Amino acid sequence: TVFAMSVKAAPIDPHAPIIHLSSPTGDAKCCIAPNAARLRVHIRRPKKASTAPTLCLVSRQWLWTVPILLLQTLVGAEVSWQQLSPSGPLPTGRDSHSAVVVNADMIVFGGSVGSRLNDVWQLTAATVSWQQLFPSGPLPTGRSSHSAVVLNGDMIVFGGSVGSRLNDVWQLTAATVSWQQLSPSGPLPTGRYYHSAVVVNGDMIVFGGWGGTLLNDVWELTAATGSWFEVKLSGALPAARGYHSSAPVNNKLLVFGGFYDGQQHKDLWEYAPLSENTASGTSSITSTDSETETANTASGSSSTTPTDTKTGPITFTLATSESSTLSPSGTATTTNSVSASLTTSFTASYPPNVALQAFTLWMGLTVLLIATILLLTFFVCAKFYRFYQRHSPTVPDSVPSNPHVLCV
């Protein structure tokens, strides 16, 4: 059923969320409520209609009263839970495990069932069936409260608890179904569990957890180099926590809630990695760091001269050079030079402005209707004019000599 509604738009924050609501009593509602501005659309459905979600097309900018099409599916569109009954052998019941999606199938690893597990199970989505996998290679220690992500098509497992805290990294290669322990370079994160890990810009980001005390540090495992590094942040920092949740949103890390200070919390934090550079439209960031350093070993002084150059699409170049010379007097002189250039571009995609498209369509149809009415009016008037000309009496060429006679 399609309903044509008249919607008055208000100035709405373009970043405000759209909230979709449907009432089981038969009154459908679609509401947007960013800050103080509020836009509501109410429609009356048939009383016997089944409850179904409502799709609302609303403007996010200043508009006058505009006809908006509101589409509602009355049959078969219920939003509900459904318990599945997969075929095949069932995994052992467990908690504190991990689950990721690899090649459209769910992979479950580890967890706790009194003892800690290291088994791998696959839920095949196409057939809704369980299957235990038996990867080759050395097996990771059974663990719980670890993290798992998908990086370059393979499952990466980090940390967890075996009674003690772990900081090892394991890769389950999907193509060969084999385990491999990775040995990233760089300083290693503190062993932890109850942490979170997500993939942002192709790298794994680990936040917080329990490492003998609650943590709020941020670590990145760079996929390109296979190395760990700790991100040193300044300014306001989220409280150290565990049991929280994290998600990658628009190439940023969002952290919600968790446990600290002896209670659960509902704060929301955002972390934007330095490598964030995506989103349609184009924009550019120009920045360059090049510096030359000269050292005087005799006086122990040094000078640094920064220069700013560079603009362009995203490239990062780092060049280092070192040269040493030995003078006849036995004095060694070492010269180090470091040059780096960074140019960045990113694109941001925005959803199509459906309301503006609807407004444009409505205006076009309105103009077409007015033009049609004007043409019909002109045509009718022309017909009446011709009819009048054919049937109107003619006036004689000469007026009678009797001035009292009126000729019509």
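Reader: How many salt bridges does the structure hold?
Author: Good place to start, and keep in mind that this is a predicted model. A pair counts here when a side-chain nitrogen of Lys or Arg lies within 4 Å of a carboxyl oxygen of Asp or Glu. Going by that cut-off, the number of salt bridges in the structure is six.

Reader: Is Arg94 buried or exposed?
Author: Buried means under 20% relative accessible area. Arg94 comes in at 16%, so it falls under that limit.

Reader: What about Lys232, buried or exposed?
Author: Lys232 makes a salt bridge with Glu230, at 3.3 Å from N to O. Glu230 has 29% relative accessibility, so it counts as partly exposed. Exposed takes over 50%, and Lys232 has 67%, so Lys232 is exposed.

Reader: Where is the salt-bridge partner of Asp267 found?
Author: Asp267 pairs with Arg241, at 2.7 Å from N to O. This one also links distant parts of the chain, 26 residues apart, with Asp267 in strand β21 (residues 263-271). Both Asp267 and Arg241 are buried. As for Arg241, look in the loop between β18 and β19 (245-249).

Reader: Why is strand β16 described as largely enclosed?
Author: Strand β16 covers residues 203-210, which makes eight residues to check. It is largely enclosed by the rest of the structure because the number of those residues that are buried is seven.

Reader: Which residue in β16 stands opposite Ser196?
Author: Strand β15 (residues 196-200) pairs with β16 in the antiparallel sense, over five bridges. The two form a hairpin with two residues between them, and Asn201 in the turn has a positive phi of about 55°. Across from Ser196 you'll find Phe207.

Reader: Which residue in β17 stands opposite Val206?
Author: β16 and β17 are antiparallel as well, with six bridges. Their hairpin has three residues between the strands, and Gly212 there takes a positive phi near 95°. Facing Val206 is Trp219.

Reader: And which residue in β18 does Leu221 stand opposite?
Author: Strand β17 (residues 214-222) runs antiparallel to strand β18 (residues 227-231), joined by five bridges. In this hairpin four residues lie between the strands, and Gly226 in the turn has a positive phi of about 60°. Opposite Leu221 stands Trp228.

Reader: How many residues does the largest nonpolar core have?
Author: Among its members are Val100, Ile107, Ala148, Met155 and Trp170. Strands β7, β8 (105-113), β12 (154-161) and β13 (165-173) each supply at least two of its residues. A second, separate core has eleven residues, including Val206 and Trp228. The count for the largest core is twelve.

Note on methods:
Residues are numbered from 1 along each chain as its sequence is written. This is a predicted model: local features need pLDDT of at least 70, side-chain atom pairs count only at pLDDT 80 or more; totals for chains, interfaces and linings use all residues. Side-chain values use heavy atoms; hydrogens and water are left out. Two strands pair if DSSP finds at least two bridges between them. Buried means under 20% relative accessible area, exposed over 50%, partly exposed in between (1.4 Å probe, protein chains only). A nonpolar core is a set of buried Ala, Val, Leu, Ile, Met, Phe, Trp, Tyr and Cys residues joined through side-chain atoms within 4.5 Å.
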